[in-house]
Amino acid sequence: MSFGEPEGYDADARPRPLGRRGASQAAAAAVCLVLGLGLISGAVTGSWLLGDSGEEGSRTTFTAAGSLWHSVPVDQLFPPTVQGQGAGPGGADRTWTRIAVAPDSGCKDAFDPLLRKALAPVGCERLLRATYTDATESYVTTVGLLFTKADAAGMTSLANRFRKERLDRRSDLMPLPYAAKDTPAADFGAEQRAAWTVSVLTEAPVVVYAVSGWADGRTVDDPQPAEDAMESGATTAPAQAGLGNEAQGLADRVERGLRKNVRSATEQPS
């Protein structure tokens, strides 16, 4: 790149009036301006035609995520075994084994009335659930993926409401477990819920949740949000047992798997 002489001087660095410019210079500037505008216009048009703008990419990702419930095998959404490196209390590792998968369904009778009401604005396209147990079969955890009918604005609105009103911390808005017969979760009912987490995604029409309890069917009088049960120094029974880590750790890893599947679904072939 070369720099031109300062305006006000000729090619031999002799002063000249500032208002004068050679005709060839003016013509060249006009040509550059036209070419520059043409290149900019072409780039914008190309972006529209190819659909590679950020907004279009977000719409494509959001749409792809909403279709995963029928396009991705259940073993990818809920793997038979989930590794939770560092997910336990004190950074201990966890391994969860899937013991039951609920038939994919709608949301009728899948949530308590108040939680169903809170989720109603985004609708229910499909609900997928699976229940896992830890390596010792002492704990059971149900993790769910609620695929909604909402657009991005609807999911953002719900996420904002959950955050501002702290709905994810209310015990009357706990998700229900999936208790499967002839498994360690056979007695995992509403009264056995000990810790839970609910995450409303904004980049996908999905609500991810998990709820944990003891595998021996004991009732819990003081369930806690997973975040509280995981706090250092927490002394409640769910906290001492690490049930907050069970719920949060498994939900996090299922959510990561969901995001990975979305990326795979939206990758353009090379």
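Select Leu 145 and Val 208: Leu 145 stands opposite Val 208 in S6. The model is predicted; local features need pLDDT of at least 70, side-chain atom pairs count only at pLDDT 80 or more, and totals for chains, interfaces and linings use all residues. Residues are numbered from 1 along each chain as its sequence is written, and side-chain values use heavy atoms, with hydrogens and water left out.

Next, select residues 139–147, strand S4. S4 pairs with S6 in the antiparallel sense, over 9 bridges. Two strands count as paired if DSSP finds at least two bridges between them.

Now take residues 195–200, strand S5. S5 also runs antiparallel to S6, joined by 6 bridges. Pick Thr 197 here; its bridge partner in S6 is Ala 210.

Then select S6 itself, residues 206–214. How many of its 9 residues are buried? The count is 9 of 9, so S6 is largely enclosed by the rest of the structure. Buried means under 20% relative accessible area, with a 1.4 Å probe and protein chains only. Check the side chains along the strand. In a regular strand they alternate between the two faces of the sheet.

Zoom out to the whole protein. Colour by secondary structure to find 9 helices and 7 strands. These are DSSP runs: H or I of at least four residues for helices, E of at least two for strands, numbered from the N terminus. Of the 270 residues, 40% are buried.

Technical notes:
Buried means under 20% relative accessible area, exposed over 50%, partly exposed in between (1.4 Å probe, protein chains only).
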